Amino acid sequence: MQDPNEDTEWNDILRKKGILPPKETPKDDEEELALALQQQSVVKAYESMTLDELDDNEDEFEEEDEAAIEMYRQKRLAEWKTMQIKNVFGEVAEISGQDYIKEVNKAGEGIWVVLHLYKQGIPLCTLINQHLCMLARKFPQTKFVKSISTTCIPNYPDRNLPTIFVYFEGEMKAQFIGPLVFGGMNLKVDELEWRLSESGAVKTDLEENPKKQIEDKLMTSIRSSLPTRKDSDDSDDEDY
């Protein structure tokens, strides 16, 4: 008797005529197909996740999901690397109020934005713009933008200038408002770099707050100028 599952032209003809039943799918093929469909469904379930979200949900994955998730993770990593190469800024861009949502709130996934609100004629604003130009070149992956305060936020008070807002993926992460926060015209570029690094906007190579070094030197100078206890006692003896 002829095997109905045998691969012959005659059997194919009989199948088309309905004389023979459809060819049975080998069990191994069925299992491979089911696994492939399962992997596709797993990838689809997590395709909207970022790399961080994948890591956060790693414990929820089944063992059989790992191959599919790893494949998707590599895909997302490749996309992230491509975005990082593409998103090289390197300068401070001028924006208006109309650009705010696009350039700041919708800057993109994984993008830190440093926004400086300023006005011409305010020396500290000019100084900070100069510092930000240097930092933009040093940290090209961070998006640095500036805007005249009242064109960006109507009626924004001059007493709040300079102002720096730090955003990440549309959310404000830090704000620095007013001249006192920056320490006035004595502000150094590495001090501003440290402040921005504390907010997460840049990855600094500074090992400690440069301001702390100045404060430590100041305290040392003050202590050295104060009379010691022995000097004070000697002075008291002379009074008698």
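I call a residue buried under 20% relative accessible area, exposed over 50%, and partly exposed in between (1.4 Å probe, protein chains only).

**Ground rules.** I am reading a predicted model, where local features need pLDDT of at least 70, side-chain atom pairs count only at pLDDT 80 or more, and totals for chains, interfaces and linings use all residues. Residues are numbered from 1 along each chain as its sequence is written, and side-chain values use heavy atoms, with hydrogens and water left out.

**Strand E2.** I started with E2, residues 112-118. Helices (H or I, at least four residues) and strands (E, at least two) are DSSP runs, numbered from the N terminus. In E2, 7 of the 7 residues are buried. I then checked its two faces. Trp112, Val114, His116 and Tyr118 are buried on one side. Val113, Leu115 and Leu117 are buried on the other. In a regular strand, side chains alternate between the two faces of the sheet.

**Neighbours of E2.** Which strands pair with E2? I count two strands as paired if DSSP finds at least two bridges between them. E4 runs antiparallel to E2, with 6 bridges joining them. E3 (residues 143-148) runs parallel to E2, also with 6 bridges.

**Aromatic pairs.** I searched the whole structure and found 3. Rings of Phe, Tyr and Trp (its six-membered ring) pair if their centres lie within 6.5 Å; planes under 30 degrees apart are stacked, over 60 edge-to-face, the rest tilted. I looked up one of them, Tyr100 with Tyr167. Their ring centres are 6.2 Å apart and their planes stand at 85 degrees, so the pair is edge-to-face. Tyr100 lies in helix H5 (residues 100-105) and Tyr167 in strand E4 (residues 163-168), so the pair ties together parts 67 residues apart in sequence. Both tyrosines are buried.

**Cysteines.** How many disulfides does the search find? It finds 0 in the whole structure. The cut-off is a pair of cysteine sulfur atoms within 2.5 Å. Cys125 has 0% relative accessibility, so it counts as buried. Cys133, at 31%, counts as partly exposed.

**Whole protein.** I noted 11 helices and 5 strands. Buried residues make up 30% of the 240.
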